[in-house]
Amino acid sequence: MYVTHSLQGGGAERLLTNVILQQERPECVEVVSLRAGGVFRPVLEAAGVEVTDLGMTGYRHGPLGLARLARLIRAHRPDIVHSWDYFANLLVLPACRLARSEARLFWAAFGTDCTPQKQKHRYRALVGANALLSRFVDGVAYNGAEVRDYHHAIGFREPRSVVISNLIDAGVFRPDARRRDAVREELGLAADDVVVAVVARVHQQKDWPTICEAVRDLPGVKTMAVGSGTATLPPQPGLLRLGWRDDVASILSAADIFLLASAFGEGFSLALGEAMLCGLPCIVTDVGGNGRLAGDSGVVVEPRNIAAIRGAIASLAADPARRRELGRRARARAAAATSRDGSLQCLHALELAAEPR
């Protein structure tokens, strides 16, 4: 059983979907979402995965969600329970106790310091509780070495841990001329337009105000904004506000440059790995593990630095040969860093290392 806060279109939810779909028998997996709906729910259900939601809409529904989750665990008696974010972590631990379950219990944690200013105290309490209780679970999976080190620095003391990659299918995310032409025709992009792709939900972490200013009025450059909430970004010339798209591999094939301008809180971005596998030179902020992943195949800049991001886009836009060389390096680096089989083996090893209760 996997328990997650939601199945909306974030990187953690997409990673969870990848983990489940790439298992030998996904139909033997059950997913419990604290919130209803989500773009990944029909994807999982189409693969035969049973998905149940607890109907929660906020923290105030925690006691009700806890009771429902305990009943599900008692009824279904899973051997292993994975929870997939901070709030789910806190629910799963007492739910297993209430259900008198002997399941091995594993948490997952993503990102580094992702404190929205307006929710700082709530966030600190949530993460502090996770750190305090981490010693009572069988293990924790982190999506990057920087993420593991951050959590250990703030007090996580789990008995065992593993670092997993983002399990991206290099056969799906690859340069594809036909997909490139089809998407450019759909969006009315000219053959000589230099196209920047930004795949990120609208959230403080992703810093869309900086992105919009950095790409404003760049000559010959068009920017595709893809992700939950991007359709409602303020209009500006050259910005294609596409909203949520299921065809991210095709979108990336249509681009010439990838941009990820996160201000804080990143771990090891799944969207960045996908873009690199598609052979795109990437401009990333030095947040979490993204600068390390991009390495010499991209341009790494300070967060919230509009001038640096704008300058990097303009430099790459003017140099097709450099874009091709960086793109070639990017695909090679990403292929080595996003192994599907390696991550599944690490998760299975983590499960096997924990003695049955």
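Author: Two strands pair if DSSP finds at least two bridges between them. Helices (H or I, at least four residues) and strands (E, at least two) are DSSP runs, numbered from the N terminus. This is a predicted model, in which local features need pLDDT of at least 70, side-chain atom pairs count only at pLDDT 80 or more, and totals for chains, interfaces and linings use all residues. Residues are numbered from 1 along each chain as its sequence is written, and side-chain values use heavy atoms, leaving out hydrogens and water.

Reader: How many bridges join strand E2 to E3?

Author: Strands of a sheet pair through backbone hydrogen bonds, either parallel or antiparallel. Here E2 (residues 30-33) and E3 run parallel and are joined by four bridges. Val31 has Val51 in E3 as its bridge partner.

Reader: What is the order of the strands in the open sheet?

Author: The seven strands follow the order E3-E2-E1-E4-E5-E6-E7, with parallel pairing. Strand E3 (50-53) and strand E7 (161-163) stand at the edges with a single partner strand each, so one side of each lacks a neighbour in the sheet. From one strand to the next, the twist averages 20°.

Reader: Which strands does helix H3 lie across?

Author: Axes are lines fitted to C-alpha atoms, for helices over the stretch in contact (heavy atoms within 4.5 Å). Angles run from 0 to 180 degrees between N-to-C directions. Helix H3 (residues 62-76) lies across strand E1 (2-4), E2 and E3, and runs at about 170° to E2.
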